[in-house]
Amino acid sequence: MSFRSLFFVLLSSLLSAATTAQSIEQRVDSVLRLMTLDEKIGQMNQFNGFWNATGPVPAEGNSLERYELLRKGGVGAVLNVQGVKEVRALQKIAVEQTRLGIPLLFGCDVIHGYKTLTPIPLAEAASWDLQAIETSARNAAIEATAAGINWTFAPMVDISRDPRWGRVMEGAGEDHFLGAKIATARVKGFQGTDLSAPNTLAACAKHFAGYGFVQAGRDYHHTDFSAYTLYNTILPPFKAAQEAGVATFMNAFTAYNGIPSSADSFLMRQVLKKDWAFEGMVVSDWGSIQEMMAHGYAASLQEVAELAALAGCDMDMESSAYVKHLAEAVLQKRVPEARINEAVRRILRLKFQLGLFDDPYRYCDEKREAATIGSATLHKDALDMAKKSMVLLENKGVLPLQAKDEVVLLGAIANDRTAPLGNWRVSADNGTAIPLTEGLQAYFPNLRWATGPMAWSGPEAFHAPIQVNETDTSGWAAAMQLAATSKTVVVALGEHGYQSGEGRSRSSIRLPGLQEAFLRELVQQHPRVVLVLFAGRPLIIPEDIRSKLGALLLAWQPGTHTGDAVAAVLMGQHNPSGRLPMTFPRHEGQIPMAYNDPTGGRPGPSSDVFWSQYNDLPNSPAYPFGYGLSYSKISYSKPKMQALPDGRKVLSVEITNNSARPATETVQLYVKLHANKAGIPAGKQLAGFQQLQLGPGAKQSAIFVLTAESLALFDANGRKHPAKGKVTAWIVPNSADETDSINFVLD
Ligand code: NOJ
């Protein structure tokens with residue numbers, strides 16, 4: 001049957017049938033029946049588009065052979081093809097030149113916006129504002145689909161306790177409870193309520209599972225974690241994504257129990273597809289099937305292709321393993337054709353759900369592209385999100401600044417339009433951030449500024465390491481002189497967007513290059529220094545510097561609206577409301593570190609050495625998880641608890657805004673289980689949070705309901721155990737605050 005007749009069949013069945021799950025299944029079957037083995041395997045193959053790679057380009061490169069394969073029906077999806085013109089051109093080949101005319105999926109890493117960049121995901125997590133996070137993902141989908149994309153490789157839901165790992169910028173931090181809520185918000189944002197709408201796209205929960213546990217924070221390194229950690233810490237955000245209806249999952253590059261994720265039938269077939277009844281599609285990570293050879297798990301591409309296919313990996317991204325070897329494996333009965341059919345069914349199902357069989361050019365509307373990309377609404381929401389994501393870490397009464405203040409601006413990022421954009425911006429160009437100079441000039445038209453010593457000298461590109469300046473001190477003295485002329489100094493320092501992200505692990509997470517020494521001299525000489533810290537991960541500012549700062553605003557990497565967002569927060573136009581989604585350690589020696597680490601058997605403190613401690617460093621972090629200040633004084637009443645006859649415990653607290661400014665307060669509930677039988681519990685675990693909008697002088701209650709079920713933990717076999725016995729709870733502004741607690745018993 002030619003593609004035209006196939007289309008006719010499909011189209012008429014579409015017109016006559018409502019878009020129900022059942023009718024999709026029937027249509028999937030009707031296509032599957034027409035396919036040859038090679039065509040089926042072709043659907044399981046994903047190639048990088050013909051430029052712009054987000055991973056190592058394979059030896060054969062992006063050659064003409066790939067077009068040839070596409071024409072033969074050997075490609076089911078591509079990635080990194082952007083813009084309606086390019087997408088349309090490739091889709092046309094798939095639809096008009098292959099035998100069956102099955103449309104392609106177009107994947108792309110739309111991680112924190114497409115062209116209009118929102119803050120990096122870790123920064124968005126710091127907002128704790130689930131609605132704003134959902135809107136951000138929604139907007140990313142609107143903009144990316146207008147450029148032809150129908151599948152994003154987001155959200156990354158990996159939990160990590162190691163800020164040396166550059167990819168923490170892409171996730172929601174160290175906590176699985178917060179991570180699960182954010183995973184849900186992001187999936188809902190990307191996918192909306194109707195996957196077939198032209199402005200929603202398929203999301204992808206990645207990296208399944210455990211990539212955030214790479215040892216020593218080194219990207220792509222070995223992982224070793226327990227089943228207990230898998231069930232209680234790593235899987236919950238994936239489960240939340242699946243429950244929110246995420247269309248796809250992506251394998252991790254790493255291994256669990258010695259099995260690389262792309263060949264792990266326990267994770268893919270048992271947990272995901274069987275226990276969770278996931279009906280979507282699993283894609284490998286870039287080259288992760290072929291990399292099983294480098295892992296030392298198998299010796300040939302043939303073997304890894306078979307292992308991955310048998311284990312339940314439906315699509316091969318950039319290994320060419322399936323397309324080269326699966327047909328032979330099926331013919332020789334090493335891989336059952338039923339398994340191929342299952343994979344293809346999942347892929348076709350997604351294509352139907354996206355409406356691609358209905359209209360393969362559904363995402364190819366030049367008019368919408370022109371009207372949508374960079375629209376005013378996207379900019380407005382990106383600015384809003386950037387303001388909400390910033391975290392005020394120190395303030396000795398220096399902030400907010402007043403327009404009448406005398407202010408100078410220093411620092412390598414003061415006038416930088418690229419560094420604060422963040423890492424994952426496959427489609428956004430260098431130089432598109434509003435710099436801080438511009439943001440502050442709106443309030444201080446005669447702003448004087450100087451960069452001080454250069455921080456880096458490029459290249460500013462996704463693939464290449466940034467060259468950090470360790471030696472050139474030009475600009476240093478001039479900046480110090482300028483500082484001496486002003487009552488207040490704002491200094492913009494930190495990491496370049498390309499110092500965090502994939503392949504951007506750092507052994508030291510202090511200010512790169514000369515910046516720390518420059519800042520130390522500045523705070524020694526100047527009493528009112530406001531540090532605006534740009535970072536894609538928790539950074540360490542040594543205590544001797546921190547203690548002398550007038551204020552410290554963590555701006556992260558805010559994206560397109562860097563300058564105006566930072567200025568609005570510094571000036572008090574926005575009352576800072578962000579809270580840390582990851583612990584900021586004092587020292588790299590404390591890593592890995594998280595607020596919810598179990599206490600161990602000797603938590604101390606004690607006057608002898610026989611308790612869990614460093615001899616040369618406090619155990620506590622520089623800034624704990626959940627921490628962040630505002631310009632308002634907020635007070636918490638003593639918590640109350642009411643036990644309901646059905647076993648539920650209702651905990652409440654009254655929060656008062658004792659200031660003349662409206663404030664957003666993120667009220668956090670933490671619990672500690674004292675007699676847990678599933679396994680040792682967290683020292684303390686986030687069990688709820690609420691964001692209150694408090695007008696000047698306003699008082700509001702935060703109410704939480706806990707049950708044995710809501711505090712359940714998994715044992716190492718994945719069995720859920722409702723919580724039992726004594727529980728301590730805190731309703732507090734951050735994870736380290738233990739001012740008041742409440743105890744109760746669950747039975
Ligand atoms: C590798 C990354 O690990 C993954 O997250 C990303 O989606 C793919 N490359 C595609 O760019």
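Gln668 sits opposite Phe689, a residue of strand β21. Strands here are DSSP E runs of at least two residues, helices are H or I runs of at least four, and both are numbered from the N terminus. Strand β20 (residues 663-673) pairs with β21 in the antiparallel sense, over nine bridges; for two strands to pair, DSSP has to find at least two bridges between them.

This is a predicted model, where local features need pLDDT of at least 70 and side-chain atom pairs count only at pLDDT 80 or more, while totals for chains, interfaces and linings use all residues. Residues are numbered from 1 along each chain as its sequence is written, and side-chain values use heavy atoms, leaving out hydrogens and water.

Now zoom out to the sheet: it's open, has four strands in the order β21-β20-β25-β26, and its pairing is antiparallel.

| Edge strand | Residues |
|---|---|
| β21 | 685-694 |
| β26 | 742-746 |

Next, Val282. You'll find Val282 in strand β9 (residues 281-283). Is Val282 buried or exposed? Val282 is buried, with a relative accessible area of 1% (buried means under 20%, exposed over 50%, partly exposed in between, using a 1.4 Å probe and protein chains only). Leaving aside residues up to four places away in sequence, Val282 touches several residues, including Phe249, Met268 and Leu272; contact means heavy atoms within 4.5 Å. Ser262 is 20 residues from Val282 in sequence, and their C-alpha atoms are 9.4 Å apart in space.
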